[in-house]
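Please open the structure in a viewer, with residue selection and distance tools at hand. The stops below are arranged so that each selection leads to the next.

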Amino acid sequence: PATPGSDTYKGWLFKWTNYLKGYQRRWFVLSNGLLSYYRTQAEMAHTCRGTINLSTAHIDTEDSCNIVLSNGGRTYHLKANSEVERQRWVTALELAKAKAIRMRNNQSDDSGDEEPASQSDKSELHGPLKTLSSKLEDLSTCNELIAKHGAALQRSLSELENLRLPADSGEKIKAVNERATLFRITSNAMINACRDFLDLAESHSRKWQRLLQHEREQRIRLEETIEQLAKQHNSLERACRGAPGLAAGSASAASTAKGSVQSAKGEASDEDEETEYFDAMEDAPAFITVTADPKHHRRSGSNLSGASEGHPEDWNLEDSVFESSNQSSYNESTGKDLLPRKRRRTRIPDKPNYSLNLWSIMKNCIGKELSKIPMPVNFNEPLSMLQRLTEDLEYHELLDKAVKCESSTEQMCFVAAFSVSSYSTTVHRTAKPFNPLLGETFELDRLEELGFRSLCEQVSHHPPAAAHHVYSRRGWTLWQEITIASKFRGKYLSIMPLGAIHLEFHSSGNHYVWRKVTSTVHNIIVGKLWIDQSGEIEIVNHKSKDKCQLKFTPYSYFSRDVPRKVTGVVSDADGKAHYVMSGTWDEKMECSKILHSSHGSTSTEGKQKTVYQTLSPKVLWRKYPLPENAENMYFFSELALTLNEPEERVAPTDSRLRPDQRLMESGRWDEANVEKQRLEEKQRAVRRRREAEAVEALEEGKDYEGYIPLWFERKVDAVTGELVCVYKGGYWEAKDKQDWSVCPDIF
């Protein structure tokens, strides 16, 4: 067996079984504060006959060879071969008990220490340190035992000296010898522990010195590298500012640097200084874009609508619809037939500074649907999902301009810019919108001011689905049914909007269909929350068969691309490319007309790149600046600040009337949480009643239709063939009459 001071102690002992068999020989193993026994040594691999925890056990000795261990209702009567063997086991058991008690008291600290040791390179240092610390604790325990047994020995010697009767001397001398033996065993254990401690300290001291020196050298190299990078960055900035041929609207320094690769291959031309390169999309044809020098192309007064034919003189800057895209803003009214805008609020109460541990709520929700997780309002923003859906209309003027386009490919550029603009408000919006109640609605009536009116209704609760319909006097109609599928993955949250968005222009009959990309919220548990958009959007004009492939590049720390980059190509029914789209989903989108295309070299992925020679890009869409103090108002845009503003004559199911959302906006979060629970329980009661009605109808052999939306109806879409909710009419007529009798009581 090992020495009593070691971590594991093994040996044979006799264990009392019953009155028929008496004491039976068993193999005992003492490890990690647990004493286990087996019939044979071979049984250690598969069958343990019993275990007792020493941290709460009582250790007693009956005679020179017996040991009694008791823990609650379990008692082991053990017997050693000799008195010396018994003393070794007693010492080992007392050491293990003391260590088990320390481990139990410091369990949280120990578990925290073991975690990184198994997960990082620090284990080389951490393991020896922990072993040394353990040996030091063994020394401390041995020291206490020596003091205890030494005092007992002194008492025995004193009694021996005071003996008067020779008959008593035998028993006393025997007791002195027993205690002296115990003292000797404990001293040996302490000496062995000291020796182990010193050996470990000596063997690892040189390793620690080498590790420390390595870390110092690494730090010095890192500092030198950072200093060199800073100098190179400064030189590049100076060179970029001092470059004589760079135009104000040309590509970034990274794009220009990529352009130099082509000129080095012998393809240099007069346009090299204004050359732009766009990285290839993974699943779309790879391409490079070269911007032609505008000085080599004359301008005329012809309209841009003919630009799809590839004539450079048609790219007119004065009269084109593209140019007008930069001349309006959210605060300007462009239609003569529209009334002046109503004055609306420009701020809401500041967000309170309440702290709440997200992990305490989310740790039991990994892999679940986000809509099924009961969340306090602390993680919400005071808008519902219906209002967030309505925010897609913030840049509605892009569609107003698209109406004026005579070319379908030109119109497609504006539709593509509009599809990207809906993500611009998400870059700082990390809070979760309220899940709408079943039957909840939201209207945005801007018919007299902006020419459109919008209506949303929550048509399903599980899965959550919202139907949206927008009509514009300026010549377009948009509708969609969006189902939100979301999964919490521990470190990030994926939000996948399912469903198609339809856009139809009244005069031309052009019918566009596209779907949204996946949104990902990162750093859910640790760090600052941030949002990324990734995936592809394919916009199809089902009348002309024009297409636009947009690629949302996911953020990568190691990528040289501009963050939040979006690129794409607009092509006609024959597959001929007419425009290149480029930009970022949080700032702007540009459009470049293609003059000429040719096949270039093969990329590293094995795809043949297409080289597009284009005219200078035109900005189709640029994000509006956020209002002042937006960081304290949930980073709401100007439109978002007005969405929850109280309005008269709206339906009683309108999101503006939702009490928990209103309380949250006012900063009364505790009351909002109570009200939120009340509304959700009310909704659950309605669902249980509806389920009971369905069961009853089934038993009676009747059909049960389930929940029927108020203002929308399910139809098979003629374009996609999907079953979708479309507006059936009646809402705005009910609003004019103020007849809301069909609306349920959901609040």
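Begin by selecting S64, which is partly exposed at a relative accessible area of 26%; here buried means under 20%, exposed over 50%, and partly exposed in between (1.4 Å probe, protein chains only). The model is a predicted one, in which local features need pLDDT of at least 70 and side-chain atom pairs count only at pLDDT 80 or more, while totals for chains, interfaces and linings use all residues. Residues are numbered from 1 along each chain as its sequence is written, and side-chain values use heavy atoms, with hydrogens and water left out.

S64 lies in the loop between β5 and β6; strands (E, at least two residues) and helices (H or I, at least four) are DSSP runs numbered from the N terminus. Which residues does S64 touch, not counting those up to four places away in sequence? They are E83 and R86, where contact means heavy atoms within 4.5 Å.

Next, select helix α1, residues 83–105. At 1.5 Å a residue, its 23 residues should span 33 Å, and the end C-alpha atoms are 33 Å apart, which agrees; the expected span is 1.5 Å times one less than the number of residues. Among the buried residues of α1 are R86, W89, L93 and A96. As a rule, an α-helix has 3.6 residues a turn, so residues three or four places apart point the same way.

Now display the open sheet of seven strands, ordered β4-β3-β2-β1-β7-β6-β5 with antiparallel pairing; two strands pair if DSSP finds at least two bridges between them. β4 (50–53) and β5 (58–60) stand at the edges with a single partner strand each, so one side of each has no neighbour in the sheet. Neighbouring strands are turned by 30° against each other on average, direction ignored. Helix α1 packs on this sheet, touching β1, β2, β3, β5 and β6 (66–71), and its direction makes about 110° with that of β1. Axes are lines fitted to C-alpha atoms, for helices over the stretch in contact, and angles run from 0 to 180 degrees between N-to-C directions.

Within the sheet, follow the pairs in turn:

- β1 (residues 8–18) and β2 (residues 22–31) are antiparallel over ten bridges, with three residues between them in a hairpin; T8 stands opposite S31.
- β2 and β3 (residues 34–38) are antiparallel over five bridges, and F28 stands opposite Y37.
- β3 and β4 are antiparallel over four bridges, and L34 stands opposite N53.

Select N32, in the loop between β2 and β3. Is N32 buried or exposed? N32 is exposed, with a relative accessible area of 62%, and its phi is positive, about 55°, although it is not a glycine. Most residues other than glycine have a negative phi. For another such case, move to N629, with phi near 70°, in the loop between β25 (618–622) and α11 (638–643).

Finally, select W476, one of the residues with the most contacts inside the largest nonpolar core, which has 65 residues. A nonpolar core is a set of buried Ala, Val, Leu, Ile, Met, Phe, Trp, Tyr and Cys residues joined through side-chain atoms within 4.5 Å. The largest share of this core, eight residues, comes from helix α10 (residues 408–421). Leaving aside neighbours within four places in sequence, W476 is in contact with residues including L393, L399, F452 and L503. A second, separate core of 20 residues includes L30, I52, A57 and A92.
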